[in-house]
Amino acid sequence: MSENEISPAESTAGRAQDGKQVLPILPLRDTIVFPGTIQALSIGRASSLRLLEESLPQSKLLGLALQKEKAADSPGLDSLHDHGVIARVVRMMRQGDNSVVILVHGESRMKILHAVQEEPYLKAEVETLASTAIAKDDEMSEAAARNVRESAQRLLEHRPDVPDEVKAVFASVEDAGALTDFLAAHLSIETAGKQRLLETTDVKARLAALQSHLDNQLHIAELQSKLRENVQSGFSEAQKRAYLREQLRAIQKELGEEGGNEEQVEDIRQRLDKAALPEKARAQADRELKRLEIIPPQSPDHSVIVSYLETMAELPWSVVSEESVDLHKAREILDRDHFGLAKVKKRLVEYLAVRKLNPAGRGPILCFLGPPGVGKTSLGQSIAESLGRKFARISLGGVRDESEIRGHRRTYIGSMPGRLIQELRRLGTRNPVIMLDEIDKLGADFRGDPASALLEVLDPRQNHEFTDRYLDVPFDLSQVIFIATCNTLDTIPPPLRDRMEVVELPGYTESEKLNIARSYLVKRQLAEHGISAEKCRWEDAAIERVIEDYTREAGVRNLERQIASVTRHVAARIAGDEIGEAAITPAVVREALGPAYFVRESRLQTSAPGVVTGLAYTTAGGDVLHIEAIRFPGKGGVTLTGQLGDVMKESVRAAYSLVRSRAKQLGIEPKDFDRHEVHVHVPAGAVPKDGPSAGIAMFTALASLFSSRPVSKDVAMTGEVTLRGLVLPIGGLKEKSIAALRAGIKKILIPKLNEKDLPDLPEEVRQRLKIVPVETVDEVLREALEPPVAKRLKRAPSKRRRSS
């Protein structure tokens, strides 16, 4: 029913008197206005608009007639029903689309007699029709009117959506004729039926017809009510939620907040069901789903909740990759991808063997320690391939924000999970191999300490309930194989280092680099540059020239880069039809790369007092250091240059004190220390240097300087010294020995306590170097010093005489 009706008193007050009159006729497509009711009509036809513009200033009365054909745009008199209603225009409202809405009040029935005007709009002579009143003594008609009223009242009881104002108007209608018109206007009756009621002037006939309509609609309403009760009694919880969501959708539509996100919510719910979340995670997801259902899409929280639920649905809560450990295949993969590294490969095969015997065991967290370019990352990829697991690499270099590990809290738009959860979501499995690259380069600032956050991740007894701040629920990381890489252990906090098993990957020797280049690097670069091996042949001498003159590294990354440069040089000539094929020789290397980039520190050309060759370990491998010491008249004291660190400075002071304490034993005049100042320098001056292994080199340099006994140019040494003259062990023996061999050294002195490391040295180093373990500084001097300079000068003339 409509809310725009008026009281019967108002409806009858403006009716025209019986008789004939000429009125403009307004055609209606599918709307019928009854006497005593108010109806809003939308007018858009040009002829109808002109009718209103010209007739309303003279009279508010119109004739309203229903079209016989709804689709007709310019109906004539023959296209209209001859019975209609005389209506008074109460109000007119203009719309933005050049249309007009008028509010009309039905005055009385009418019959169109004949047309008076056809253009530009229809005018006709009409006759007012009065309804036949019911006699006061007509009990049957009175009973029929009461039945109609009672039936209408019962129908209203089954229609809770009817406003109270309409019910009040209905209760106030007393006249039987007005009652029939009121009900005919507001009941759900087809248009043809309403037209018949409008044409019927006999109130008794209208009462009978309305009673039939009321009985029919009342029967349907009672059935609907009964069905509704039956259905609601059998409602499941899911059906109840669906019903309530439908109601909520209707409310949001009325408020203009309809978002159409029901399908999105249902899709997320199905994906969560499929993901098989744990109990805690599913409870959290359900809470967010309920919030999503009531939050309109325009709200900023909507996108935050959707992102969170999509992350929850896409995480591999129960998805694991099938693992198969074939040790023979693992060895083949390691040998295929890596040259040498026998000790490392042996440890990895042992690691895989343990996983084969105990798949559910919590193995150690491996940390590959070594200089850049030695194959740490590719070893992790080989492990993943051997196990049949997916592989991901997370670079931690320069990470300073703890949220990169633990995730960002969902307190702002744009928050996201930590890197670990993101990689697991991308891989789609709960048991991948994840490499934490450059773990030694983690930073820390006001945003937290990522290294501390990794303590939980890398602890097998805690990471089964790792809680990312974004998820805010535990996620099981116990089945993930974590492998870390680093270049040094010094910058890794001790608690984090304690959770990892360090596997050292030393640098490659020149012969190993030659084999790696020949077997892997050259082939890969030829393939990447589109050159066949037949058209471009690399000579071993050319590769050796690249290794010696154009690279200075423990790994092979820069070596491959220089090989690529030479290959590009040859490729350009082949593509330009300058040559058909090429043999890459040392001359071609020099032509492509230019002058040598590096002049390596080599062994000393001559032996001299105060000059010693030491050995150092860097992140790029081993290197040799030429330690120089001179003395000159002064008041005593030591000057140190060469950007020495605190540890090396203390080594010089300890060595100086040790030399002074053994002055008589070394044949040194004690007063010389007070009459001379000493200057110790370690080239190159622009490179910072520090470490505990230069003690015996500093002692030997000072002892050689004050005793005037040169140090053999073929000897290099490494080891820390105590004030008692003992030689302490050092680290990085392999790298240092490789550097000595590369520099042309023939003999190296090492601490006796480092004899245990000799089996780890490359076979080439053990064969070509004379390695002498020493326990005290006396042994060092015995192996390193030559006879005094004065004795050699006395023997020199006799040699010349004999030669002459």
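Which residues does Ser-712 touch, not counting residues up to four places away in sequence? Keep that one in mind; we'll get to it at the first stop.

Before you click, know that this is a predicted model, where local features need pLDDT of at least 70, side-chain atom pairs count only at pLDDT 80 or more, and totals for chains, interfaces and linings use all residues. Residues are numbered from 1 along each chain as its sequence is written, and side-chain values use heavy atoms, with hydrogens and water left out.

**Stop 1: a loop with two serines**

Select Ser-712. You're in the loop between helix H26 (695-707) and strand E20 (715-717). Those labels are DSSP runs numbered from the N terminus: helices are H or I with at least four residues, strands are E with at least two. Ser-712 touches Ser-607, Ala-784 and Glu-786, leaving out residues up to four places away in sequence. Contact here means heavy atoms within 4.5 Å. Ser-712 counts as buried because its relative accessibility is 16%. The cut-offs are under 20% relative accessible area for buried, over 50% for exposed, and partly exposed in between, using a 1.4 Å probe and protein chains only.

Now slide along to Ser-708, which sits in the loop between H26 and E20 as well. Ser-708 is partly exposed, with a relative accessible area of 30%. Check its backbone too: Ser-708 has a positive phi of about 60 degrees although it is not a glycine.

**Stop 2**

Jump to Ala-276, in the loop between helix H9 (262-275) and helix H10 (279-294). Ala-276 isn't a glycine, yet its phi is positive, about 55 degrees. At 41% relative accessibility, Ala-276 is partly exposed.

Then pick Pro-120, in the loop between strand E5 (100-117) and strand E6 (123-129). Look at the peptide bond from Glu-119 to Pro-120: it's cis, with omega near -5 degrees.

**Stop 3: inside the core**

Select Met-312, Leu-436, Ile-439 and Phe-482. Of the 52 residues in the largest nonpolar core, these four touch the most other members. A nonpolar core is a set of buried Ala, Val, Leu, Ile, Met, Phe, Trp, Tyr and Cys residues joined through side-chain atoms within 4.5 Å. Helix H11 (residues 300-314) gives this core its largest share, six residues. In soluble globular proteins, nonpolar side chains tend to be buried together.

Zoom in on Met-312. Setting aside neighbours within four places in sequence, Met-312 is in contact with residues including Leu-272, Ala-281, Trp-317 and Val-473. There's also a second, separate core of 50 residues, and Leu-387, Leu-505, Leu-526 and Cys-536 are among them.

Next, Gln-284 in helix H10. Is Gln-284 buried or exposed? It's buried, with a relative accessible area of 9%. Gln-284 touches Tyr-308, Arg-410 and Val-473, not counting residues up to four places away in sequence.

**Stop 4: a covered helix**

Highlight helix H17 (residues 450-457). H17 is mostly covered, with six of its eight residues buried. Those buried residues are Pro-450, Ala-451, Ala-453, Leu-454, Glu-456 and Val-457. Color their partners next: they pack against several elements, including helix H16 (419-427), strand E9 (433-437) and strand E12 (481-486).

**Stop 5: two helices crossing**

Finish with helix H19 (residues 510-528) and helix H21 (residues 557-575). Their axes come within 10 Å and cross at roughly 50 degrees. Axes are lines fitted to C-alpha atoms, for helices over the stretch in contact, and angles run from 0 to 180 degrees between N-to-C directions. H19 and H21 are therefore oblique to each other; angles under 35 degrees count as roughly parallel, over 145 as roughly antiparallel, 65 to 115 as roughly perpendicular and the rest as oblique.

Show the side chains between them. Residues in H19, including Ala-517, Leu-521 and Arg-524, meet residues in H21, including Leu-559, Ile-563 and Thr-567. The residues of this contact divide into seven nonpolar, two polar and three charged. Here Ala, Val, Leu, Ile, Met, Phe, Trp, Tyr, Cys and Pro count as nonpolar, Asp, Glu, Lys and Arg as charged, and the others, Gly among them, as polar.
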